[in-house]
Amino acid sequence: MIGLALQGIRRRFAAPVPRDVLDGVDLSIGAGEFVALAGPSGRGKTTLLRIIGGLDSGYQGRIDWPDGPPRRRAAVFQDPRLVPWLGLLDNLLLVAGRAAEPEARDLLAAVELEGREDAWPGQLSGGMQRRAALARALLVEPDLLLLDEPLVSLDHALAGRMRALLAEYWRRHRPTVLLVTHDLREAVTLADRVVVLAEGVGRVSLQRGIELPHPRDPADPRIDAIVDALLRFDPGLAVPAGKEGEAADSI
Ligand SMILES: Nc1ncnc2c1ncn2[C@@H]1O[C@H](COP(=O)(O)OP(=O)(O)OP(=O)(O)O)[C@@H](O)[C@H]1O
Ligand SMILES: [Mg+2]
């Protein structure tokens, strides 16, 4: 398990107009902690995740790893990034090695893709591809798991089952998790702490510890109360009308 500490992270994009998308992000995440980075489009969530994931080095500021850098870092990005000419099972084994086949099959079944092991990514819906990317990420038993909207576009029931899977995986293996989500309720249901980036400022505007014990019942009214409190602080956190359930593709 690893923790990380971000200090003064700043990211400027030159085009179309020069702009600091992140402008002094300070954030510490404890080893084995589950943190959700919530908030609407355009606040720099993916930009921050890419920097932590080592995919973007054009930033200023510091990232410290108090327990040493992660040995196994896994990520699910908004675009699932599967290899298009390999079947799903082979996509998973490409990273984990052939010896991991039994675990890979189990994980594909756990994300409800049993029977699709030989399908090419292009034959599957976006939600299915993202679930395969989630299975691939879990297969390597990461000590740092970065998730960028992994459950978007899944129907309500399936998203709920995938949340339960993620919660159970985290309880059992205790990776450090940073989950980006538009869905405040998802953030509060899963995370130890919800972090929000301010609108137009590029800095953390709010951090709220979620003290509820695990495992959590998504129907727990205390979750609604916390969601309501967060919305009062920043009404911009509400899921835009039409976003939830849009393009649901569970089949
Ligand atoms: N490579 C880039 N070049 C220029 N601008 C960029 C680049 N990447 C991101 N941006 C801009 O930075 C801002 C934040 O983008 P980012 O993708 O981090 O937002 P986000 O919070 O993840 O949004 P969403 O919820 O829609 O995924 C946006 O205005 C985006 O247009
Ligand atoms: Mg994003």
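**Reading the core and the ligands**

A: This is a predicted model. Begin with one residue, Leu147: leaving aside neighbours within four places in sequence, Leu147 is in contact with Leu49, Val76, Leu134, Leu166, Val177, Leu178, Leu179 and Val180.

Q: Which residues have the most contacts inside the largest nonpolar core?

A: A nonpolar core is a set of buried nonpolar residues joined through side-chain atoms within 4.5 Å. Here the largest one has 54 residues, and those with the most contacts inside it are Leu147, Val188, Val194 and Leu230. Helix H4 (residues 126–139) gives the most to this core, with 8 residues. Domain 1 (4–72 + 143–235) and domain 2 (84–140) both contribute residues, so the core lies between them. A second, separate core of 23 residues includes Leu4, Leu22, Val35 and Phe77.

Q: Which residues coordinate the magnesium ion (ligand 2)?

A: For a metal, look for the donor atoms. The magnesium ion is coordinated by Thr46 (OG1) and Gln78 (OE1), at 2.0 to 2.6 Å. Thr46 lies in helix H1 (residues 45–52) and Gln78 in the loop between strand E5 (73–76) and helix H2 (88–96), so the pair ties together parts that are 32 residues apart in sequence.

Q: What is the relative accessible area of Thr46?

A: Buried means under 20% and exposed over 50%. Thr46 has 24%, so Thr46 is partly exposed. Gln78, at 40%, also counts as partly exposed.

Q: Which residues come nearest to ligand 1?

A: Of the 14 residues around ligand 1, these are Arg19, Ser41, Lys45, Thr46 and Thr47. A polar side-chain atom of Lys45 lies 2.7 Å from an oxygen atom of ligand 1. For the side chain of Thr46, an N or O atom is 2.8 Å from a ligand 1 oxygen.

Key
Residues numbered from 1 in each chain as written. Chains lettered and ligands numbered in written order. Predicted model: local features only at pLDDT ≥ 70, side-chain atom pairs only at ≥ 80, totals over all residues. Heavy atoms only, no water. Donors = N, O, S within 2.8 Å, 3.2 Å for Na, K, Ca; no water. Helix = DSSP H or I, 4+ residues; strand = E, 2+ residues; numbered from the N terminus. Buried < 20%, exposed > 50% of the residue type's maximum accessible area, 1.4 Å probe, protein only. Domains from an automatic or database assignment. Contact = heavy atoms within 4.5 Å. Near = heavy atom within 4 Å. Polar contact = N/O pair within 3.5 Å; in protein donor to acceptor, adjacent residues only side chain to side chain.
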